Amino acid sequence: MQTVDRIRGIKGTDVFYDIVQIQLLMASGREETATQIYNNIKKDIVGRIGENVELYCYFLYVSTLIVREEEYTAQVLSQVKKFFENGYDTYRILWILFYLSTDSDNKSIRLVRIKDVINSGCISPVMYIEAMNIINAQPVLLRVLNQFEMQVINYGCRNDIISEKLAMQIADVVANEKNININTLIILKKIYDKYEKDEILTVLVTQMVRMGMTGENCFEIYEKGVLRGLKITRLYEFYIASMPKKTDRQLPKIVLMYFAYDNTLTDADKAFLYANVVTGRDSYYKNIYEGYERNIEIYVYEQLKAGNISDNLVVLYKALLKTQLVCDDTGTFVSKMPYMYRMQCFSDVVRYVHVRYPQFTEETVYELSGETAYICIYGSDCEITFECIDGQIRKDTIDYDIEKVFDIQQYAEVFEAAGDYGKNNSRIIMSRICEMRKNSQYTQETLKLYKTIKKEQGISEQYKQQVNAWMIDYYYHYYEEDDFWHEYNYVDTDNLTKKDAGKLIEILIDSSMYSQAYEIAGIYGCCMAKAAKLLKMTDYILTNVSDGHSQIIDEITQYIFRHNIYNEPVLSYMCEYYNGTNDEMYAVWKAAVNYNVNVLHMSERILAQMMYTGVHTGRFTEVFADYYSKIPDMLIVKAYLSYNSQFYLLRQKKANDIVFRVIEECMGDGYGLPECCYVAWLKNLSRNPVALREDTSEKELAQSVLNELCEHDRIYGFFKKFKGILDLPYNMQGLTIVEYIADPDDKVSLTYSINGADRLVQVMKSNGWGIFTCRFNLFYGDSLEYTFIVNDSNEQTSTEPVVCEYKDIQSENTDGRIDMLNDCLASRQQHDLTTLRKLMYSYCVEEYVTREMFTIVK
């Protein structure tokens with residue numbers, strides 16, 4: 001009543017609550033109060049029949065509680081039925097009919113009507129409660145588990161109003177169902193948890209097995225079935241399949257006995273069972289292990305043969321792996337075991353693990369089982385990435401743990417027995433090569449692995465080149481056989497480094513494979529090979545193969561010569577073809593001379609090059625002296641003489657005596673020489689002209705050269721030094737020669753002033769090879785002041801002024817009247833009047849005689 005009052009306070013004056021109040025008052029025995037309220041609202045309710053039929057029917061039902069006459073109740077029932085059957089078939093009116101009807105004991109009909117209402121969309125708890133009351137009272141009315149039945153039972157489970165009998169009936173119905181869903185099993189689980197009846201558990205387990213349900217969420221049910229001793233087909237298989245995979249848990253004895261004689265488990269479940277048994281074989285399974293041992297060994301062999309791996313198989317392999325299991329069927333897989341790692345990814349988005357090695361063109365992909373993958377790592381330089389469910393490849397954003405699976409030392413004997421079975425696995429070969437190189441193990445086995453991996457598919461070109469380099473290094477340092485000609489086919493000669501090429505060249509030379517070594521040297525050069533070994537090859541090539549010029553031979557001979565290693569064929573070749581710096585060519589020339597090798601052509605090239613580069617050393621002279629002593633080319637000789645003569649004249653460099661000796665010999669033999677050679681030879685004689693008096697032939701030759709030069713108007717200042725020794729030609733009598741050395745292409749002018757007179761400009765005469773001259777007739781006491789002006793192609797330069805005073809006095813013979821006049825002037829300045837008279841008299845006599853005896857031809 002308090003509840004009704006509270007609702008009335010919220011909803012206001014709703015007549016429905018008046019009717020409810022009447023019902024409650026009648027139930028509590030307060031009939032007078034109920035009748036009073038009934039009479040107060042009767043007229044109002046009857047007047048609003050059409051507005052709310054359900055309210056009116058409820059009012060009629062409550063009125064039967066007050067009137068309490070069978071006839072009246074029958075009338076009310078008839079009237080409510082008419083409403084229900086004429087469009088007002090709501091669950092509320094149905095509920096009223098249930099309590100008015102005289103056939104209320106017919107639970108089956110009532111249940112059918114409730115089913116119709118609920119199937120029509122009714123969700124009122126009233127109907128579900130009525131339905132639960134019916135089937136709880138008569139469980140046999142539950143014959144099927146269609147939608148209605150499932151809804152009602154679910155309601156009963158949620159509200160914990162299913163009786164034990166009904167629970168048993170539900171189990172019987174489910175047992176006969178062929179197609180059930182997970183909701184049915186959930187109901188069975190709930191009613192079993194409440195009543196714990198084996199009959200219900202049997203149905204539940206049977207249906208779960210029939211549906212193939214496994215997983216740790218199912219294990220509790222299967223375990224109860226096992227512990228209750230239920231006789232259900234395949235119960236133990238599903239018990240094992242659903243069990244948390246912890247190999248250290250002890251299994252029921254009945255389960256172990258069952259599988260010892262009849263084992264139809266999947267491979268994964270069988271692996272768990274056997275791993276569990278093996279784990280406890282020395283303790284709680286000690287008495288039963290013997291019955292499993294043979295089956296476990298066969299299973300392990302089959303799994304090794306299939307190449308399978310998992311956590312449970314690892315337990316079995318570690319416990320049972322021995323050399324007897326290694327054979328043709330299992331060896332390939334066992335050979336991979338030293339490289340196996342267990343990876344656990346702490347991410348639910350990873351699908352595959354990718355392992356890539358720089359040595360290979362393709363990566364290896366491993367699929368995850370849950371969070372775990374067993375991968376093989378053959379080298380520390382691998383790259384591990386993860387392929388996720390979105391197709392993206394990730395690396396650093398995935399957390400994982402990784403650990404090695406097998407202790408190599410513990411299973412060393414087994415892995416050694418399986419070693420040969422990994423000979424066709426390129427990744428194992430790569431790993432073995434790395435290990436052997438790390439431990440400096442260079443044996444025939446190492447070489448065999450090099451050869452094998454080079455032929456494997458999927459090897460990167462970079463790694464092939466690396467292995468090829470290792471092979472060459474092995475042949476260079478460790479190969480002791482004398483059949484390298486056969487091994488050479490395994491060596492790739494493309495894309496070698498200079499260092500590897502040098503080693504290969506030496507190997508080939510040591511194996512007397514000179515032509516092959518020569519070919520490699522032609523491709524890669526020879527700078528990394530030992531010169532002593534290259535000499536052997538070069539000697540063979542020059543002696544037996546090639547007699548012409550070769551750029552490769554050029555490089556090799558130069559290289560070995562720089563290391564002071566050579567022989568006669570090498571020197572002969574270099575004398576014919578070598579060109580280098582002056583010092584390098586001289587070194588070759590010197591060595592060749594010591595070996596009595598023909599150096600004629602080398603001498604010519606050296607002389608030409610030294611002259612071109614402006615060399616003026618003793619080596620230059622040494623080469624020329626040797627060259628001239630043989631059968632020289634006179635063109636070279638003339639060039640040498642001209643070169644040294646110009647050095648002597650233009651650069652004031654001292655020339656070796658051989659230069660002047662050869663010039664003299666050439667003049668004696670009638671060879672024409674450049675003008676500079678004659679000038680240089682004559683100037684060299686002018687250093688000691690008195691010596692000509694003792695050598696008549698040389699004096700005659702000097703006179704001839706002097707005359708020839710003066711005849712061609714080539715007059716130089718040093719000619720005066722021959723005065724009194726040679727007859728000076730008339731055209732140089734009394735001349736003062738001013739000389740300047742410059743580039744023959746320059747224009748040289750002389751600005752001068754004599755005795756302070758006005759300055760004059762005169763272009764100096766060039767001899768064509770660098771000496772410019774200007775001639776003056778100066779008398780004793782004259783002062784000549786002059787400056788040189790040089791015009792080249794870019795600029796004009798001037799020298800500092802030079803002052804020259806003429807003070808020459810002829811001590812002995814006087815040549816020509818200019819000298820006589822100079823003597824007169826000198827005597828006058830010295831106040832030697834006696835000498836002056838004598839000189840003047842001589843001048844007058846000579847002039848008179850000349851005038852009387854000679855006539856000038858016009």
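## Charges over rings

In this structure, which is a predicted model, the charged end of lysine 245 is placed over the ring of phenylalanine 272, at 5.3 Å from the ring's centre.

## Aromatic pairs

When the whole structure is searched, 42 aromatic pairs are found. One of them joins phenylalanine 484 and tyrosine 488, whose ring centres lie 5.9 Å apart and whose planes meet at 50 degrees, so this pair is classed as tilted. Both phenylalanine 484 and tyrosine 488 are buried.

Another aromatic pair is made by phenylalanine 624 and tyrosine 640, and this one is stacked, with 3.6 Å from centre to centre and 10 degrees between the planes. The pair links distant parts of the chain, since phenylalanine 624 belongs to helix α32 (residues 618-628) while tyrosine 640 belongs to helix α33 (residues 634-650), and the two are 16 residues apart. Phenylalanine 624 has a relative accessible area of 0%, which means that it is buried, and tyrosine 640, with a relative accessible area of 0%, is buried as well.

Definitions and conventions
Residues numbered from 1 in each chain as written. Predicted model: local features only at pLDDT ≥ 70, side-chain atom pairs only at ≥ 80, totals over all residues. Heavy atoms only, no water. Phe/Tyr/Trp six-rings, centres within 6.5 Å; stacked < 30°, edge-to-face > 60°. Buried < 20%, exposed > 50% of the residue type's maximum accessible area, 1.4 Å probe, protein only. Helix = DSSP H or I, 4+ residues; strand = E, 2+ residues; numbered from the N terminus. Lys NZ or Arg CZ within 6 Å of the ring centre and 35° of its normal.
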